[in-house]
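Here is a quick walk through one model, residue by residue and strand by strand. Have a look at the fold first, then read on.

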Amino acid sequence: MIWRVAAVLAVLFWAVMSGLLVRDVYFPEASRFAAVPPRLVIDLFLRQSEVFGSTLHLHHHRERIGHASFQISRRIKPNHQTVYDMLARGVVEPTGEQGGRSIEASWSVACILADAERWQYLKLEAQFPAREASLKMIWNEEHATPEVLVKHGDRVVMNSQDMKMLLGSGKDGALAMLSMIGGGMPKAGAEPEATQLRAREGLMQLAGRERKCFVLTLPLFGPHEIQMIFTEAGELARIDLPDGYALLEPTIHGLQEG
């Protein structure tokens, strides 16, 4: 009897290990890099940012062309909902022909994320001194379309009315905006998730060794996305942007997300 039980246990052990091996070889993303709640990563960053700074250098490929700072705070609304207030500011100042630096653009982004899952508010402002241009956009979840003002000098290039005509008015306006950002309309009857924040585990190179990290991903228009890479302790180490742009934490070297 005992040999029969041992044989059954051996077969079960072999089946489980074989399954894990197949999953690890053919589906490494699912086995190694499990999905985690975005709130977990943001809360880790909050604890770290109270001690460490969150200033990053902006690079285009290998050239440093600016810097940015990030702040996140957490508060509880009267309805007991937890929201995260995020503020980012930055400057683009590439090296000129004479070796000096001049401000090509300055920008700021303020947003509110409810329960670390749903965007409630977004404000984007940008100034382009060399081109005498500016951009201002404000959106919240109560409005179908954002308020927009794009100016070139004193001339208004685009305003909120133009945006409403572009996106369409009424209750479908929000879906149209998500279509522009996410690269396609959501399926009928489905909850729009084009801009939903996702988080998972990952690997990064730190001091020549592989270390566990967390990756926050925000989909953008079409196939593009923003990836924010945090150390296991919650330090914001890198932000990968489209078209070869990246924000790097200056004291951490040799980062490579796995």
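## Phenylalanine 214

Phenylalanine 214 sits in strand 10 of this predicted model. Strands here are DSSP runs of E with at least two residues, helices are runs of H or I with at least four residues, and both are numbered from the N terminus. With a relative accessible area of 6%, phenylalanine 214 is buried; that label means under 20% relative accessible area, while exposed means over 50% and partly exposed lies in between (1.4 Å probe, protein chains only).

Leave out neighbours within four places in sequence, and the contacts of phenylalanine 214 (heavy atoms within 4.5 Å) include Val36, Leu40, Val41 and Leu44, along with Met228, Ile229 and Phe230. Valine 36 is 178 residues away from phenylalanine 214 in sequence, yet their C-alpha atoms are 8.6 Å apart.

## Ground rules

Residue numbers start from 1 along each chain, following the sequence as written. As this is a predicted model, local features need pLDDT of at least 70 and side-chain atom pairs count only at pLDDT 80 or more, while totals for chains, interfaces and linings use all residues; side-chain values use heavy atoms, with hydrogens and water left out.

## The chain overall

The protein chain has five helices and 13 strands. Of its 258 residues, 33% are buried. Among contacts with a separation of 6 or more, 39% link residues 24 or more positions apart.

The chain exposes about 16,400 Å², with 58% of that coming from carbon and sulfur atoms. Areas follow the Shrake-Rupley method with a 1.4 Å probe, and for residues only the protein chains shown count as cover.

## Cores

A nonpolar core is a set of buried Ala, Val, Leu, Ile, Met, Phe, Trp, Tyr and Cys residues joined through side-chain atoms within 4.5 Å. The largest one has 33 residues, and Ile42, Phe70, Tyr84 and Met86 touch the most other members. Elements supplying at least two residues each include helix 3 (38-49), strand 2 (63-76), strand 3 (82-92) and strand 10 (209-219). Helix 3 gives the most, with five residues. Apart from this core lies another, of six residues, among them Met204, Cys213, Ala237 and Ile252.

## Strand 3 and its partners

Strand 3 is largely enclosed by the rest of the structure, because eight of its 11 residues are buried. Strand 2 and strand 3 run antiparallel, joined by 11 bridges; strands count as paired if DSSP finds at least two bridges between them. Five residues separate the two strands in a hairpin, and histidine 80 in the turn has a positive phi of about 70°. On the other pairing, 10 bridges join strand 3 to strand 4, again antiparallel, and leucine 87 stands opposite alanine 110.

Which residue of strand 3 is the bridge partner of arginine 74? That would be tyrosine 84. Outside four places in sequence, the contacts of tyrosine 84 include Arg39, Ile42, Leu46, Ile72, Cys111 and Asp115.

## Positive phi in loops

Aspartate 115, in the loop between strand 4 and strand 5 (118-128), has a positive phi of about 55° although it is not a glycine. Aspartate 115 is partly exposed, at 28% relative accessible area. Histidine 61, in the loop between strand 1 and strand 2, has a positive phi near 60° and is exposed, at 59%.
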